[in-house]
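Hi,

Here's the structure I said I'd pass on. Have a look, and my notes on the salt bridges follow below.

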Amino acid sequence: MRSHEIDYELHGDDMQMVEIELDPQETVIAEAGAMNWMEEDIDFQAKMGDGSEPDNGILGKLLSVGKRVLTGESIFMTHFTNMGYAKRKVTFAAPYPGKIIPIDLNEIGQGIICQKDAFLCAAMGTNVSIAFNRKLGAGFFGGEGFILQKLQGDGMAFLHAGGTVVKRQLNGETLRVDTGCIVAFSPGIDYDIQRAGNLKSMFFGGEGLFLATLRGTGTVYLQSLPFSRLADRIIQHAPRAGGSSKGEGSILGGLGRIIDGDR
């Protein structure tokens with residue numbers, strides 16, 4: 001199935017949104033809860049699967065849904081279709097601060113492999129499946145396990161990442177990366193996990209026990225602030241978790257938080 005040809009515009013800087021313009025009868029698929037607002041005439045429905053293979057039977061659809069369950073995502077995706085007679089717009093946003101990465105799958109050819117929670121939305125006709133990592137090291141220590149998402153098609157797809165996003169082009173080179181900082185890479189890249197230096201560096205270097213090794217020829221997208229790192233810092237400094245608090249935002253400080261029900 002050929003993907004629908006959608007137009008888009010990115011808004012914002014550190015907390016971006018992507019505005020998709022749909023011609024009549026065009027559709028964009030998205031993860032549940034990603035939509036911010038939409039104009040009239042746009043109809044949305046929660047469906048099982050991405051709809052890229054409409055001729056699939058019941059067994060094929062169940063298999064596709066089962067793959068999404070393995071990635072930890074919802075079995076449903078939301079389909080937004082322009083049912084009117086003029087161009088209409090629908091807007092999606094990432095669930096945490098960062099950037100939205102537009103990717104033309106037609107230029108990549110073989111699709112792209114990404115973290116299981118990086119997919120935001122895509123043109124109808126994009127196949128959202130899974131990619132098993134066959135290497136035991138990458139599976140057990142890579143953070144994302146054996147299963148990554150794979151996007152295939154000939155239209156636009158949009159990923160989201162935390163913090164600043166850097167696009168690196170590898171030409172037979174090797175890049176060692178913190179496992180959480182990888183957003184996506186093209187299929188020509190070999191992904192593996194290796195030990196982070198000697199034992200002293202592993203336990204006291206603060207960079208974790210293992211690093212991801214990306215090797216080959218292709219494109220790599222990296223993020224500066226993985227959501228897991230952001231969440232860890234928030235939990236670490238939360239008053240309930242024993243972190244320090246200076247009472248910002250309230251002249252009553254701790255007493256104000258008790259009154260507000262925050263303690």
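Is Lys 89 buried, partly exposed or exposed? Lys 89 is partly exposed, at 27% relative accessible area (buried is under 20%, exposed over 50%, partly exposed in between, with a 1.4 Å probe and protein chains only).

Before the rest, some housekeeping: this is a predicted model, where local features need pLDDT of at least 70, side-chain atom pairs count only at pLDDT 80 or more, and totals for chains, interfaces and linings use all residues. Residues are numbered from 1 along each chain as its sequence is written, and side-chain values use heavy atoms, leaving out hydrogens and water.

Lys 89 pairs with Glu 19 in a salt bridge, 3.7 Å from N to O (the rule: a side-chain nitrogen of Lys or Arg within 4 Å of a carboxyl oxygen of Asp or Glu). Glu 19 sits in strand 2 (residues 17-22) and Lys 89 in strand 7 (residues 88-93), 70 residues apart; strands are DSSP E runs of at least two residues, numbered from the N terminus. Glu 19 is buried, at 15%.

Strand 2 also holds Glu 21, and its partner Lys 87 is in the loop between strand 6 (76-82) and strand 7, so this pair ties together parts 66 residues apart in sequence.

Asp 41 is partly exposed at 34%, whereas Arg 88 is buried at 19%. Shared partners also join Glu 21, Asp 23 and Lys 87 into one salt-bridge network.

In total, the rule gives six salt bridges.

Cheers

How values were computed: Helix = DSSP H or I, 4+ residues; strand = E, 2+ residues; numbered from the N terminus.
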